[in-house]
Amino acid sequence: MSQVGLTCEDIRFDQDEMANWGGDLWRLHYFTMFHKNPMKLPKYGEINLKFFSENIKNATTLLSWAGSRIDCPVRRGLVADQLKKYVSTDSLPLPSITKGKNALSGKEFTLLRDKIDFFYRVVNDSSLLLTSAIKDMEKRTSRQKLFDYFTKDSEEPNYLVEELMPYADLNRMIAGAEDVAETVKRVADSLEYCVFPPTKTEIITPKGLIVVGTSGNDSYRYSVPPLLIIDGGGNDLYQFSDDPVKYPLSVIIDPSGNDRYLSPDSTKPGIGGAVMGMSMVVDKSGDDFYQGVNVAQGAGIFGVGIVLDYTGNDVYSAKAYSQGAGAFGVGILADSSGNDSLYCVTLSQGLGYTKGCGLLVNYEGDDK
């Protein structure tokens, strides 16, 4: 560069010249920063690498980072614990879904009951930001229309998205998803110390089905995703596709075992994928197998999809909008360790589509 009289400061797009082509309603500030100064990329690459290395298992922090990249700079819990009201009260006793349903009544299940009750108190709160954000969008269109628009080679114009966006409060959606992610994180912590029942237990709630597994090998086959599956270990099978019916959230927490997560329906979102909602998986150990088709394994379309897999030699297989893909939302696949293999066809593995952030964070191991 010096031989032709240039410096690093000259390596940039001419913003005035680019302005001749018009602007973009959904152009992100993070993109604009690098577009104006691409030489910042190496520095930010190092910063991001350090951040991901330190927060690979923290879904709340990863989600906050991703949200800020789509111009939703929300950091719940920065000043105070946003979940405090769900764990303590000055007067009235906290509500208990397990007590109300007479489930897991033995004293040995106290810790497990506390975790389930805590989770349900959060999602049952009518003021939860995730719920209100999704409801506003549900009034304007259907999940199936959005799914079809993004996953099919359709000639349909962009009116569906353009008409929805003024009513899509992505800041509120990300804030609510952070609350849920933090809730799931706390439920997953120390789950290994919980005693699980000898047989699978189902708790029917107004928000959806809560399923409590055993410490052995369980099978979870459902026509629609349950609200919560909390398992005690073992080599388990999870098989379902589709959107939740009663509530825009589905969560799986599994501490150990060589598990299989199967979503065979190409016309519906899979496990870890969400359209106008949130889907989250925390698998703490084991050699796991994930197989989906479209919108799975950490994918969010006007929503948030998160898969955290801590350890094990894992295999991920999908077609499109998977393995860390976000469109008008966030998709995160974070795998902490193990020799992993990831297969896809298109629009996957760290895809940031319009107004979206996709993160595929694979920390260590000989991966393919």
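Trainee: Which helix supplies the largest share of the lining of the second largest pocket?
Mentor: That share, three residues, comes from helix 8; helix 8 (143–151), strand 15 (320–322) and strand 19 (346–348) each supply at least two residues of this lining. Helices are DSSP runs of H or I with at least four residues, and strands are runs of E with at least two, numbered from the N terminus. This is a predicted model, in which local features need pLDDT of at least 70, side-chain atom pairs count only at pLDDT 80 or more, and totals for chains, interfaces and linings use all residues. Residues are numbered from 1 along each chain as its sequence is written, and side-chain values use heavy atoms, with hydrogens and water left out.

Trainee: What makes a residue part of a pocket's lining?
Mentor: A lining residue has an atom within 4 Å of a pocket point, where a pocket is an open set on a 1 Å grid over the protein atoms alone, with protein on both sides within 12 Å along at least five of seven lines. The second largest pocket has 15 such residues, and Phe150, Thr151, Lys152, Asp153 and Leu347 lie nearest its centre.

Trainee: What is the volume of the largest pocket, and which residues are closest to its centre?
Mentor: The volume of the largest pocket is about 450 Å³, and of the 20 residues lining it, Leu28, Tyr30, Arg69, Gly352 and Gly356 are the closest to its centre. Helix 2 (29–36), helix 3, helix 4 (59–69) and strand 21 (357–362) each give that lining at least two residues.

Trainee: Why is Asn55 called buried?
Mentor: Buried means under 20% relative accessible area, and Asn55 has 13%, so the word applies. Asn55 belongs to helix 3 (residues 41–55), and a polar atom of the Asn55 side chain lies 2.9 Å from the backbone oxygen of Phe51. Not counting residues up to four places away in sequence, Asn55 touches Thr61 and Leu62, where contact means heavy atoms within 4.5 Å.

Trainee: What makes helix 6 mostly covered?
Mentor: Eleven of the 14 residues of helix 6 are buried, among them Leu112, Ile116, Phe119 and Val123. The buried residues of helix 6 pack against several elements, including helix 10 (170–188) and strand 6 (249–254).

Conventions:
Buried means under 20% relative accessible area, exposed over 50%, partly exposed in between (1.4 Å probe, protein chains only). A polar contact is a pair of N or O atoms within 3.5 Å; within protein, one must be able to donate a hydrogen and the other to accept it, and residues adjacent in sequence count only if both atoms are side-chain atoms. On a 1 Å grid over the protein atoms alone, a cavity is a set of points where a 1.4 Å probe fits but cannot get out, and a pocket is an open set with protein on both sides within 12 Å along at least five of seven lines; lining residues have an atom within 4 Å of a point. Grid points are joined across faces, edges and corners, and a volume is the space filled by probe spheres set on the points.
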